[in-house]
Amino acid sequence: MVLKDHSPDDKITAAAKAKFLDTGYTGASLQKIAEHVGVTAPCRFIDTGRSYDSYRVFYYAAKYKSFSKAAAALYNTQPNVTRIIRRLEAELDCALFFRSAQGVRLTPEGEKIFAHIAIAFENIEAAEAEVSS
């Protein structure tokens, strides 16, 4: 979900945004609770429908260059990984992988997304390692 101001003059604090994200509501529901959480500036909410889990599946599929290996790493099944990747591709309106009998490789669009997603997941893994040590 992306929060955007209607105009540059409308200010929404980080705390107010955090309150919205913690509610569990999406789209129009968030607009209805705006006053409840203390946001007076009008907001536009765009619910992208894409989740952390979809990008996690994408990350592992790209990392291992295989939907089967990604499924094993995620304790999932290859058909589920394929379904999640196809849904993500449909939502983004572009192919993320070239598929062949030898495995998968990223398309130019997939490379662009992976460059950003990899940084995020590597930071998450580093944080978890830091906390557990």
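**Reading the chain, feature by feature**

Author: Of the 133 residues in the protein chain, 33% are buried, where buried means under 20% relative accessible area, exposed over 50%, and partly exposed in between (1.4 Å probe, protein chains only). This is a predicted model, in which local features need pLDDT of at least 70 and side-chain atom pairs count only at pLDDT 80 or more, while totals for chains, interfaces and linings use all residues. Residues are numbered from 1 along each chain as its sequence is written, and side-chain values use heavy atoms, with hydrogens and water left out.

Reader: Which secondary structure does the protein chain contain?

Author: Helices (H or I, at least four residues) and strands (E, at least two) are DSSP runs, numbered from the N terminus. The protein chain has six helices and four strands. Their order along the sequence is β-α-α-β-α-α-α-β-β-α.

Reader: What share of the contacts in the protein chain with a separation of 6 or more comes from residues 24 or more positions apart?

Author: A contact means heavy atoms within 4.5 Å. Within the group with a separation of 6 or more, residues 24 or more positions apart account for 51% of the contacts.

Reader: At what angle do H3 and helix H6 pack?

Author: H3 and H6 (residues 108-132) pack at about 105°, with their axes 9 Å apart. These two helices are therefore also roughly perpendicular to each other. Among the residues that make this contact are Tyr52, Tyr59 and Lys63 of H3, together with Ile113, Phe114 and Phe121 of H6.

Reader: Is glutamate 89 buried or exposed?

Author: Glutamate 89 lies in helix H5 (residues 78-92). With a relative accessible area of 10%, glutamate 89 is buried. Beyond its neighbours within four places in sequence, glutamate 89 is in contact with Cys94, Ala95, Leu96, Phe97 and Arg99.

Reader: With which side chain does the side chain of glutamate 89 make a polar contact?

Author: A polar contact is a pair of N or O atoms within 3.5 Å; within protein, one must be able to donate a hydrogen and the other to accept it, and residues adjacent in sequence count only if both atoms are side-chain atoms. The partner is the side chain of arginine 99, at 2.8 Å. A polar atom of the glutamate 89 side chain also lies 3.3 Å from the backbone nitrogen of phenylalanine 97.

Reader: Where is threonine 82 placed?

Author: Threonine 82 is in helix H5 and counts as buried, at 11% relative accessibility. Its side chain is joined to that of glutamine 78 by a polar contact of 2.6 Å.

Reader: What is to be noted about phi?

Author: Most residues other than glycine have a negative phi, and most peptide bonds are trans. Tyrosine 75, by contrast, has a positive phi near 55°. Tyrosine 75 is in the loop between helix H4 (67-73) and H5, and is exposed, with a relative accessible area of 79%. Aspartate 93 has a positive phi of about 60°. Aspartate 93 is in the loop between H5 and E3 and is exposed at 70% relative accessible area.

How values were computed
Axes are lines fitted to C-alpha atoms, for helices over the stretch in contact, and angles run from 0 to 180 degrees between N-to-C directions. Angles under 35 degrees count as roughly parallel, over 145 as roughly antiparallel, 65 to 115 as roughly perpendicular and the rest as oblique.
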